[in-house]
Amino acid sequence: MAGVIYTVDANCQDCYRCVRVCPVGAIRVEHGQARVEEALCVACGTCVRECPQHAKAIRDDLERARELLRTGASVAVSLAPSFAAAFPGWRAARLPAALRKLGFAKVYETAEGARAVAEASRRLRGAGSICTCCPAVVSYIEKYKPELTPQLLPVASPMVVHGRMIKARLGARTRVVFIGPCAAKKGEALRPENADAVDVVLTFEELSRWLESEAIDLASCPESFFDPCGDVGQARLFPLEGGLLKTAGVEADAGSLDVVHVSGSREIMTLLDTPPSQWPYALAELMFCRGGCVGGPCMPKEQDAFSASRAVAAYAAQAITLPGDTPAVPMDAAFAPTPVASILPEVSEARIREILESTGKAEAANQLNCGACGYPTCRDNAIAVARGMAEPGMCVSYARQRAERRAEIILETSPNGIVIVDENLTVLHMNARFARMFSCDASQAGSPVSRWLDPEGFERLLAGAEGTQEAIRVREGLKYHELIYALPVEGQMVGIFVDVTAATFDARQVDLLKDQSLRGARELLEHQIRFAQEMAHYLGKSTAQTEELVKQLMGIFAEDTPR
């Protein structure tokens, strides 16, 4: 499955979502970047579907398909039956015409190969048989449950069988492009034993982009049939959970004790944990994506599994197959264990303990098992760190504690005095250097900052001033350079004080002193002018009132004087 899924580094944002959702733990985190470890990956595409930043992507083979058409070769399409969910309703009937517009000589349904696979699986089933239609399931068993590899039915997948059918029908020089909802199919096509089947694998997402780039609108395409082929029976239901068994005519209801169909990675992994000696089924149909292929990573993301299943069932109920012959082709397949034990070595208890201690989780009470790192428990995370698959900093509580310690170290070892105050100018914190500069101690936090220094800079910020407030001040023989700035979100202000008692001022500091002095002089002058104006106003008003009073008194006395 090499090279099927990769990371877009620019989009990876340390969220560890892919670590949490990867069913096999195939994500390696280095320097904060989460990358797929190809040797561990089963190419299920879960990380691609779940990544919120679109940092995981499936290898794009669209240009390879275009190149096949440009060579002039006869190129045929094998279209997975889940297309009826990716292009639902009226779109399904118009897709064959759209594919012919792209340049494909023949357009077939993979369901033709699926029916042959279902019949072969029914014939070959025996004690503990596992169907091999899903390449992600096959890869998982080969890598993680190698002891179950002998139970895999030696039958190729519908994609491989159908590719061989097309080339047997049209000639060995015919090129085949498979289109479906699966990332693992891209890796399956690269297996050496499948070299004679499919030349390029595209996803439905790639097909949609291709149609858009060629300005091919399904609404403008006529309804069309697929090219003639053999009877597909119920194989159009293959992408649904239990579709293979239904196609094969095998009863698989709740009362069937020797047959089972399961979809979803967790459910499959739980089932396969059963020891081979206790395997209770004669035939098991396993599909790694929940709900079957309609839950594949390359299905439209806005579509839910229920509507997708209904769309497939509705198409299967009314689709018409143009009759043709089904070529007989080899259907055998071989599988080999490729255990990951050498890639994921055992980790000693001593090493696990060492890592837990280094992250402050030696005690069980400190092992929160919150899962934020992507691993279900702190112990699992420690094992991943020991294997080089994870980093200690992925632990949120450890990263927070480390950041807090780093901030405290910087604060306490700073050569400058630092104080933090709230909106009431009450001291919240002071570092050791501030305490020495202003002859106080940390126990006095909670007192007004004005107890030790001029609060003018803080008051300016409270009054609405913007930016850093600077000043050079002198207090009891201490000459210091003051820088004050606000932390609006926290509702706090920070003061940094540099002792310049023994320093010679540079040009900038001299200019700062000049500006500071001019500002102080200007404020004093404005104050005096306002005072003088107010005094003049009151003096003038008083004089006028006095004049009026004198006039009244003179009038009274004038009336009392004999003429």
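Predicted model: local features only at pLDDT ≥ 70, side-chain atom pairs only at ≥ 80, totals over all residues.
Two packed helices are described by the angle between their axes and the distance between the axes. The crossing of H6 and H8 is right-handed. On the H6 side, the contact is made by Glu112, Gly113, Ala114, Ala116 and Val117. Pro158, Val161, His162, Met165 and Arg169 contribute from H8. By class, the residues of this contact divide into 6 nonpolar, 2 polar and 2 charged.

A second pair is formed by helix H3 (residues 62–70) and helix H10 (residues 204–213). The axes of H3 and H10 come within 10 Å, with a crossing angle of roughly 55°. The two helices are therefore oblique to each other. H3 passes H10 in a right-handed crossing. Leu62, Ala65, Arg66 and Leu69 of H3 meet Glu206, Arg209, Trp210 and Ser213 of H10. This contact has 4 nonpolar, 1 polar and 3 charged residues.

Rolling a probe the size of a water molecule over the atoms shows where empty space is left. The structure holds 5 cavities of 30 Å³ or more. Two or more lining residues come from each of H6, H7 (135–144), H8, H9 (184–188) and strand S11 (283–287). The largest share, 3 residues, comes from S11. By class, the lining of the largest cavity has 27 nonpolar, 4 polar and 2 charged residues.

The second largest cavity has a volume of about 140 Å³. Its lining consists of 18 residues. Lys361, Cys373, Cys378, Asn381 and Cys395 lie nearest its centre. Helices H14 (349–358), H15 (378–386) and H16 (396–413) are the elements that give two or more residues to the lining of this cavity. H15 provides the largest share, 3 residues. The lining of the second largest cavity has 11 nonpolar, 6 polar and 1 charged residues.

Key. Residues numbered from 1 in each chain as written. Heavy atoms only, no water. Left-handed = near helix turned anticlockwise from the far one by under 90°. Helix = DSSP H or I, 4+ residues; strand = E, 2+ residues; numbered from the N terminus. Contact = heavy atoms within 4.5 Å. Nonpolar A, V, L, I, M, F, W, Y, C, P; charged D, E, K, R; others polar. Axes fitted to C-alpha atoms, helices over the stretch in contact; angles between N-to-C directions. Parallel < 35°, antiparallel > 145°, perpendicular 65-115°, else oblique. 1 Å grid on protein atoms, 1.4 Å probe; cavity = no way out; pocket = protein on both sides within 12 Å on 5 of 7 lines; lining within 4 Å. Points joined across faces, edges and corners; volume = space filled by probe spheres on them.
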